Amino acid sequence: MTSGYRILLIAVLLIIGLGMPVASTAPSPGTTEHIAMVALPAESGRVIRPMQTPEDMLLQSLDALRAGDTHTALERVDELVEQKPTFRLAHLVRGDILASIGGRLPSITNDSLQARSDIERLMAEARQRVVGTSFDPGKRLPASLLKLADHHRHVVYIDTDVSRLYVFANRHGDPELVADYYISIGKNGSRKRRKGDKRTPLGVYMVTERLPGETLPDKYGPVAFPVDYPNAWDRRHSRTGSGIWLHGVASRSYSRPPMDSDGCVALINEELQQLAPLLEPGSTPVVISEGAEWVEYEELLQRRTEAAETLEQWRLDWQSGDVERYLSHYDDAFIGNNMKIDAWRDYKRRVARNKSHIAVELDDVSIYEYPDEDDLLVVTFKQHYESNNFNGTARKRQYWRRGDDQRWRIVNEDLATQI
């Protein structure tokens, strides 16, 4: 082993073993208690811990090592290796513990670049697991999840910064955290922009399909769930690529390093199977962010109320028949129905001339703050429209942007193909 590599290894072992601070933009940690991966009934209303998970055992071993209790650390990781012999990170931690007991560094004789890369990736996984599970949100919630639609039984919220996927149940429009899982994302991180860049997109998406594992190559695990990347906002910004899935890992592996996919989100197979019954094609939102903002419930309600009142004023102004008031809700940068703002205004004014009355009702409304964007909301609802010469029901999706004058205006509007 070269001296440089020994220094690198010592530094990483110090980070996971001796409790040095780990750089992250994750929210400020609370207690060290975490919401671990759990067996998750389809209608579970709370976090439950019927048994120790592999991640629990790994973290207990690392905690014991950090406290200098090598006996307990080795006992925990031995149990883990026996249960999960394909968990490569557990084997590496076991080697570190044995080396610590012997008072020396691990005798890693293979000093090839590939071996060094493999170890660094495993250490990154250990670091992300410690960071992700040391955060306790308490009663705080992701600011993005302003309001869940009635038919969204669950929403998936991913924070790529801490390699974590959170599952929230819908409690009358409010999100309630029920579980979280370790994940891997793209080799080059997040903010996907073009086909082949091996990045994971940030945004609000929908699960579109359920692909059984028997129809897929082994590397995707027992089941896969594509999402609707690129969505309307991505297309507006000329982002390319496709095939972003939530999927498992190859059967020869227990898990993957935190940045290891071609842009998909990969989970441990057992945990994906726990999650799978909750993912409903066409109606489960998947919000992917980098560096989540967690806020108190009162703050969430305040933001929700502002957004809901803005939407309601749009509805009232449309219903009033005053087309100029209605059009004042649309931004100069608006794009929708294949029209830019001038064409849209002309179209709406022509339509308004033949209307003697309009009635508009909205229901099943969802509101999300859009990740990685300043002051952008994505709002989806079912619209019931009646007038003297046309009646119809449609599901619509709007993107609202707050301008320098603090007014929210619509910058994108289309029919929603995914609900």
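Modeller: In this predicted model, the axes of helix 3 and helix 4, the latter spanning residues 88–101, come within 10 Å and cross at roughly 155°. Since angles over 145 degrees count as roughly antiparallel, helix 3 and helix 4 are therefore roughly antiparallel to each other, and the crossing in which helix 3 passes helix 4 is left-handed. On the side of helix 3 the contact is made by T70, A73, L74, V77, D78, L80 and V81, and on the side of helix 4 by A90, H91, V93, R94, I97, L98, S100 and I101.

L74 is found in helix 3, and because its relative accessibility is 17%, under the 20% limit, L74 counts as buried. Leaving aside residues up to four places away in sequence, L74 touches R94, I97, L98 and I101, each of which is also listed on the helix 4 side of the contact. The C-alpha atoms of L74 and R94 are separated by 6.5 Å, although these two residues lie 20 residues apart along the chain.

Helix 3, which covers residues 70–83, also packs against helix 2, residues 54–66, at an angle of about 160°, with the two axes 7 Å apart. That angle makes helix 2 roughly antiparallel to helix 3, and here again the crossing, with helix 2 passing helix 3, is left-handed. From helix 2 the residues P54, M57, L58, Q60, S61, A64 and L65 take part, and they meet T70, T72, A73, R76, V77, E79, L80 and Q83 in helix 3. The residues in the contact of helix 2 with helix 3 divide into 8 nonpolar, 5 polar and 2 charged.

The remaining pairing of these helices is that of helix 2 with helix 4, which pack at an angle of about 20°, their axes being 11 Å apart. With an angle under 35 degrees, helix 2 and helix 4 are therefore roughly parallel to each other, and helix 2 passes helix 4 in a left-handed crossing. Here L58, S61, L62 and L65 in helix 2 meet L89, A90, V93, I97 and S100 in helix 4, and the residues of this contact divide into 7 nonpolar and 2 polar, with no charged residue.

To place this region within the whole, the protein chain has 10 helices and 19 strands, and 53% of its 419 residues count as buried. Among contacts between residues at least 6 apart in sequence, 64% join residues at least 24 apart. The largest nonpolar core holds 79 residues, of which I158, L165, F168, W314 and Y330 touch the most other members. Apart from that core lies another, of 24 residues, and among its members are L74, V81, L89 and L92.

Definitions and conventions: Residues are numbered from 1 along each chain as its sequence is written. This is a predicted model: local features need pLDDT of at least 70, side-chain atom pairs count only at pLDDT 80 or more; totals for chains, interfaces and linings use all residues. Side-chain values use heavy atoms; hydrogens and water are left out. A nonpolar core is a set of buried Ala, Val, Leu, Ile, Met, Phe, Trp, Tyr and Cys residues joined through side-chain atoms within 4.5 Å. Buried means under 20% relative accessible area, exposed over 50%, partly exposed in between (1.4 Å probe, protein chains only). Axes are lines fitted to C-alpha atoms, for helices over the stretch in contact, and angles run from 0 to 180 degrees between N-to-C directions. Helices (H or I, at least four residues) and strands (E, at least two) are DSSP runs, numbered from the N terminus. Angles under 35 degrees count as roughly parallel, over 145 as roughly antiparallel, 65 to 115 as roughly perpendicular and the rest as oblique. A crossing is left-handed if the near helix is turned anticlockwise from the far one by less than a right angle, and right-handed if clockwise. Contact means heavy atoms within 4.5 Å. Ala, Val, Leu, Ile, Met, Phe, Trp, Tyr, Cys and Pro count as nonpolar, Asp, Glu, Lys and Arg as charged, and the others, Gly among them, as polar.
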